[in-house]
Every structure is written in structure tokens, then in C-alpha cells.
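Hello,

Here is the structure I said I would pass on. My notes follow below it.

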Amino acid sequence: MPITNSKIKIIIIVIAILILLICGIFAFLSKSNSNDIDKYLDLGGKYLEEQDYDNAIAAYTEALKIDDMSINAYIGLADAYIGKDDVESALAILNNGYDLTGSNVILDKINQIKRLNNDSNESNPSSSEDADWVDSLIISFTADSISLGQSTIDEAQAAYSSRSDYKSNLMNEDTYDTVYSMPYFDNPNSGHDEMEFGYLFSAPVDTNIISFIAVNDSSITCSDSIKIGDDINSLLANISCPLSVDEINDTNNTYTSSTGKSLSIQHENGSILLKYSDGEKYITFDIRNGSLYGIAMGLE
């Protein structure tokens, strides 16, 4: 049976009604969600004003369950955590929000918190003094079998002379004897500066005792268990450092024990420099993009 024009009109009308119903349902749900999130945002703001931070956190968390793109919810939730002196959680929330939304408002808030946190650390040095846990760090000033301040340059020559990249020369106007490699000089795609050493052992010619060591070579083990390329978590675990990755990533600080040993964190040109000193010797771990890029150790 052929479909008449009247039947076609009826079908079109039915389809139009269904479309309108669907649009109405979505509009209702959208309005309902909008009303719900506004309710939780208002509630979170009220709790923040009352300094009821736990309930503020609960309210803003519910808001994010409704809309995980809500910039106001991320900002409010971070403020609630800051009210509880939990800067680490505040930054974690904001970083997650920035990853999802790409909002410059959230990025500005992240930078603001970091600046305030750094200023607080610098204006309150007592927070970093008497950090006696620094005495318990497991760090030795060694590269393979060579010990800073104890081994001679002759021992370094004997240890590395069989390597194909081995070199040995006098440097600094013939005042220092050295053992070294320069593996990046002819390798522009290595990710290293061509003048960087793979390894360097240096000793004054008058003492012959090694006074400086630099390592960028992943085949060399430093401080008994550490290698270039280790991630920051492995590095902190290997030296028994109680600081969190966020504390390393987010602040410049110096922790000093009552015996004078120190651990400093310095952010510089894309690197995080983690420097330990026992008062006579130091070792610096150069961390880039979350992993160990280089190690340098010397006499103070």
C-alpha cells in the first residue's frame, strides 16, 4: 500500500514531537544539574566563610561530581584545603583541574599558592632548622669504586682505562690531573650539551687525591645505589629522604640538622638541584623532568 501524503505528515509530526520531548528532557536535566552545582558552590562558599573547611571540602567535591569542568569548584576546594594548612592537597586539586580545563584562572591560582608558600618558607627559616632527619640520609661520596677525598687519580685511571671512551689529561693550566669521557661531543642528538662529560674525576697535581667528580653516564653507580636516569621517587628512596615529591617539586628550601649537615632544594633553569653537604663534602643531584640527569660532588 503506498504511503499517502497525510501519513507522511503524521510521521513528520511524531518525529518533531519526539525531538522536542528529547530536547526538553535535556534542557530540564541541564537546568537541574546547573541548579544542583550552584547549590553546592554556594554551600561551599558559606562553609569557607565560616571556616568550616571539612564541610566546604565536602560541598565542593559534590560540585565536581556534577561538573568536573567547574573552575569555581576547583578554586573553592583548593581554598578549603589551604584553610586546613594542606598546601600539598590544594596544589594536587588545582593541577588536576588545570589538566582537565586548561584554565588560566586555575594556573594563576597554582602560581599564587607556590609564591606564597615559598615566601612563607623564606620568611620562617626556623621551619627548616634543626632538621635532624638530615643526619639519617644514606649518602656516600662515591662513583663506582672511587671515593671523593680518598681515592687517587691513579686509581681512577686504573678503573676506567679499559673503557673505549677513556681520556686522561692535565687541565686548568696543568694544575689538575683528570680522567674523563666526552661521549656527547660527536652526538648532537643525545639530549646533552656536546661539552658535557660522561664522567670526570679531577685531582690537584700536588696531592693526587680526587677533589671533584661529575657523572652523566648511566653505567656508573654513585653513592652505592644511584644511577643516572633513576626517577625522583627512586632517588629519594635510595637516600632515605622523608620529603615528598611535591615538596621537592614545589619549594626552594634548606634543611639543616643540629650537627650542621644540610639538604637544600633549588629550582634553576628547568632543573631541581638537590644538594647534600656534611660540612666537608657535598653532592648535588640534578633532576630534570622527574629523573636524575647528572651528579656532581666535591670538597667544600
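Is Q51 exposed or buried? Q51 is exposed, at a relative accessible area of 57%. Please keep in mind throughout that this is a predicted model. Q51 belongs to the loop that separates helix 1 (5-49) from helix 2 (53-66). Its phi is positive, near 60°, and the residue is not a glycine. Most residues other than glycine have a negative phi. E173 is another case of this kind, with a positive phi near 55°. E173 sits in the loop between strand 3 and strand 4, and with 77% relative accessibility E173 is classed as exposed.

Strands of a sheet pair through backbone hydrogen bonds, and the pairing can be parallel or antiparallel.

Strand 7 is joined to strand 8 (residues 262-268) by four bridges, and the two run antiparallel. Together they form a hairpin with five residues between the strands. In that turn G260 has a positive phi of about 95°. Across this pairing, Y255 stands opposite L263 of strand 8.

L263 in turn stands opposite Y276 in strand 9. Strand 8 and strand 9 are antiparallel and are joined by seven bridges. They also form a hairpin, here with two residues between the strands, and N269 in the turn has a positive phi of about 50°.

Strand 9 (residues 271-277) continues the pairing with strand 10 (residues 281-288), through six bridges and again antiparallel. In this pair, L274 has F285 of strand 10 as its bridge partner.

Aromatic pairs and charges over rings

How many aromatic pairs are there? The count is six. One of them is Y180 with F197: the ring centres are 5.7 Å apart and the planes stand at 80°, so this pair is edge-to-face. Y180 lies in strand 4 (residues 176-181), while F197 lies in the loop between strand 4 and strand 5 (199-204), so the pair ties together parts that are 17 residues apart in sequence. Y180 is buried, at 7% relative accessibility. F197 is partly exposed, at 23%.

Another pair is Y199 with F201, which is tilted, with 6.1 Å from centre to centre and 50° between the planes. Both Y199 and F201 are buried. These two residues and Y160 form one aromatic cluster.

Two charged side chains sit over tyrosine rings. K275 lies over the face of Y282, at 4.8 Å from the ring centre. In the other case, the charged end of R288 is over the ring of Y293, at 3.7 Å from its centre.

Cysteines

How many disulfides does the structure hold? The number is zero. A disulfide is a covalent bond between the sulfur atoms of two cysteines. C222 counts as buried, with a relative accessibility of 1%, and C241 counts as buried too, with 10%.

That is what I have on this model.

Regards

Methods: Residues numbered from 1 in each chain as written. Predicted model: local features only at pLDDT ≥ 70, side-chain atom pairs only at ≥ 80, totals over all residues. Heavy atoms only, no water. Phe/Tyr/Trp six-rings, centres within 6.5 Å; stacked < 30°, edge-to-face > 60°. Buried < 20%, exposed > 50% of the residue type's maximum accessible area, 1.4 Å probe, protein only. Lys NZ or Arg CZ within 6 Å of the ring centre and 35° of its normal. Pairing = 2+ DSSP bridges. Disulfide = S-S within 2.5 Å.
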